[in-house]
Amino acid sequence: MNGLADISLSILQGDSNLVLTLTNKAIEQGVTANDILATGLIGGMELVGDKWKKGELFIPEVLISAKAMHSGLVAIRPILAKGLDRPKGRIIIGTVKGDLHDIGKKIVAMMLEGNGFEVYDLGVNVETEQFLEAAIKKEADIVCLSALLTTTLPAMEETVQAINSKTGNTVKTMVGGAPVTPEFASKINASGYAPDAIGAVDLAKQLTERVVISTK
Amino acid sequence: MKADFIVQQTASFRVLSEDQIKEIHNAALEILEHVGNQVECEEALDLFRDAGCLIEHDNLVKIPSYIVDKAIRTTPKRIVLSNRNGKRVLFLEGKNSYFAPTAACPKMYDPYTGEKRDWVKQDIANVAKLVDYLPNIDAIFPLGSLATEYGTDCFIHEFDAMLRNTTKPIIYLAHDTKDLQVILDMAAEVAGGYEALRQNPFLLFYDEVLAPLYHKTETIKKMLLVAEKGLPVRYGSLTMSGASSPCTMAGVLAQSYAEALFGLVLVQLKRRGTPYMMAILPGIMDLLTGGLSSGAPEYDLLQIAFAEICHNIGIPIMSTNGISDSKIADEQAAIEATLCCFSAAAGGSNLSIGAGSLECHLIGSLEMITVADEVLGMIKRIFKGVNVDENSLAIEVIEQVGPRGNYLDQTHTLQNFKTEHWRPTLMDRNNYSNWIGMGSKTMGQRANEKVRRILEEHQPEQLSEQSQKRLDQLATGNGV
C-alpha cells in the first residue's frame, strides 16, 4: 500500500518519470491494475483536485500532475484492458457547432481523464451527428458539450435533444462554458451543468454512479 | 515675451521606452515572418500569395517583413467617425481618446427590478438612449446580446436599436457576410448612400482574432466585405495570458501585436487605404479559476503598453475601459472599472470599449455605464493637466487676498471655477447630515436613479419616418 501512496504523491509532485517508475514497480510486485488505478493514480488526482479546490494548486500545476498521472495510466492500460469490462465511465466531449473555443474544454477533458474516465475529445465545431455517432459507437455514458459564444447555444440545445431522443435518455449530457447557466441547462433538458473542471468531475461521478464495473 | 518655453499640456504616463517598443515591434515581425498565422479563407490566402507571402502546410501564412512595412505605410494614420447626421465627431488620431460601452453580454441587470435576465430589443434601445445622453461616452456598442430572441439575426436588431436611439457613432458586430450586408445597407440608407457613408462613416466594424495566431474564415470574410466598401475595420485579439498567449507580458504584446498586424496587412492587400484600427483585449487566464480576468492589473499594464506600441507606427488603436470581473456593481466593480478607464486614457488609446461590463462581458449593467461616465470625467480632468500662465499663477490675486483672506468672492474665482474644477454628477460631497437628509444613498443607488431618470426623460433625436420605415423593411428582410 505504501507503494500506492508514493504513486499518489509523485502525481501531486507532477513527476512523470517517477510515476512511471513506481507504477512499473507496483506491477512487478503483483499489485492489481485496479488498485494501482483507483488508489495510486486516481487517488493522486483526487489529492490534486482537493488542493486545487482549496487554492493551493494552480492550473499549470494541475495539468502537469494530470500528465504525470497519464504516464502511469499508459503503463497499466494493457493490463486494465484484459481485466475490466467497462472503465469508470466513457465520456464524449466537444465544443458545439459554430464555436472554435477549446481551452476550457481541454482542461475539463484532462481532469476527467485524470479521474479515471475514458475520454474521447471530438474537438471543436462539432456537429450534432458527430456527437451522436461517437456516443453510440463508443457506448458512451456521458456527452459533454462546451460553448463560449451565445450564438451557438441553439446548437447545444439541438445536440442535447438529439441525444435524449435518439438514445432514449440512456446517454447523459453535461453542458458548460461561459454563457451557459444552470437555468439554460435545465431548459434544454441536459442531465447537468458544471461551472468548472472540478464541478465537471464531481458531476460525472454522480451521473455514472449506477454504472457497474463487472469482470468477465 | 518668452523664448524656448516648453509646455507639457496633459498628464503623461509611460510604460515602455523607444528601444523596448522597437524590440517588441521586431519580435512581432519575426512572428509574422517565421512563426506564421493560420487562416483558411480562400480569398485571404490568394491575396497573401499574390503579394509574395509564403503559404505553408495547414494554411500557415508567413509574411515577409517588407510587406508588413508597406502595409503600415498605406494604412491611414487617422480615422474620422461621424455621427448619424454626417457631422465629423470622433478624431481617432494622435492620442485623442474616446470611449464606448461593451457588447454581447448574454445577461443584464434590469434597472427597475434588479433581476438578472436575458436582453430584449428595448433594452438595447435603452442603452443607446443612455449613451446618447452621457457626455463622456462618445460612441455606442450594444452592451447586450439579442441572440436569445433573434438567433443569428441578433446583430441586425442590435444595430437597428442603436441606429434609432442615438446619433453617436456605432461600433457593430455581425454574424456572417449575409447579416453584415443588411447592416451596411441600413447604414447606407441613413447616410444617403454608400458614397456618403464612405466619406463620413458613422460606424466601425468590430471583430476578434482567435488567439493564438488563428483567423476564423467567417471573420475574415466579413472584414474583407467591409474593406471592399472602404469602411473602417477594428481587429485584434481577446487574449488570455497563460492560456492563449504567453505568460510573460512582453510575449503577450508581441503575439497580440503580430495578430493585429496580420489583419492590417490583409485589409490593405484587399483595398489599399482602408481605415484600420489595431486593437487588444489583453486578459489573463486566472490560473486558479481558469476564467478570463480583465480586472487583473496586468490587463491595465498591457493595454497601456499596446497603445504605446501602436502609436509608434501611428496607427489608431482601440483598447478597453470600464470592465470588471465582479458579478455585481459593487466595490470590486468600481475599482476595476476605474483602473481600466484610467489605463485606456493613460495609453492615449484612441477609442476604448467596455463600460457596463460585469463578469467580464457576461452581464451588462447600465449603472456601470453611468459610473464609467463619471470616472471618465474625473480622468479627463486629470489628463487635462495644469495650465501655467499669468492668469493661472494668480500672483495678483494672491497679493490681493493676502494672509488670512479668502478667494471665494474674488472675480478671479468667479471667472475660472467652471473650467478649473470638475463637477460631479454621481460622486457625493455633501456633509453627513445632508447626506442622511437626502436619503443616505450609496453610489450604486445614485447610479441606478440616474439611469432611470435618463431613460424616462431623455429624448434622442429621431430618424425621419421614411428612414424608419425603410429600416423596418431591411431589418426584417422584407426590403429588397
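1. A polar contact is a pair of N or O atoms within 3.5 Å; within protein, one atom must be able to donate a hydrogen and the other to accept it, and residues adjacent in sequence count only if both atoms are side-chain atoms. By that rule, the side chain of Arg452(B) makes a polar contact with the side chain of Asn448(B), at 2.9 Å.

2. On the source: this is a predicted model, in which local features need pLDDT of at least 70 and side-chain atom pairs count only at pLDDT 80 or more, while totals for chains, interfaces and linings use all residues. Residues are numbered from 1 along each chain as its sequence is written, chains are lettered from A and ligands numbered from 1 in the order in which they are written, and side-chain values use heavy atoms, with hydrogens and water left out.

3. Arg452(B) belongs to helix H18 (residues 443-457) of chain B; helices (H or I, at least four residues) and strands (E, at least two) are DSSP runs, numbered from the N terminus. Arg452(B) counts as partly exposed because its relative accessibility is 30%, where buried means under 20% relative accessible area, exposed over 50%, and partly exposed in between (1.4 Å probe, protein chains only). Leaving aside residues up to four places away in sequence, Arg452(B) touches Pro111(B) and Tyr112(B), contact meaning heavy atoms within 4.5 Å. From Tyr66(B), Arg452(B) is 386 residues away in sequence and 54 Å away in space, C-alpha to C-alpha.

4. Which residues have the most contacts inside the largest nonpolar core? They are Phe48(B), Ile63(B), Phe159(B), Ile171(B), Tyr172(B) and Met278(B), in a core of 144 residues. Helix H10 (residues 249-270) of chain B gives the most to this core, with 12 residues. A nonpolar core is a set of buried Ala, Val, Leu, Ile, Met, Phe, Trp, Tyr and Cys residues joined through side-chain atoms within 4.5 Å. A second, separate core has 44 residues, among them Val48(A) and Ala194(A).

5. Most residues other than glycine have a negative phi, and most peptide bonds are trans. Asn125(A), not a glycine, has a positive phi of about 55 degrees; it is in the loop between strand E2 (118-121) and helix H6 (128-137) of chain A. Asp4(B), also not a glycine, has a positive phi of about 50 degrees and is found in the segment before helix H1 (18-35) of chain B. Asp4(B) is exposed, at 74% relative accessible area.

6. The peptide bond from Ala211(B) to Pro212(B) is cis, with omega near 0 degrees. Pro212(B) sits in the loop between strand E10 (203-209) and strand E11 (214-215) of chain B.
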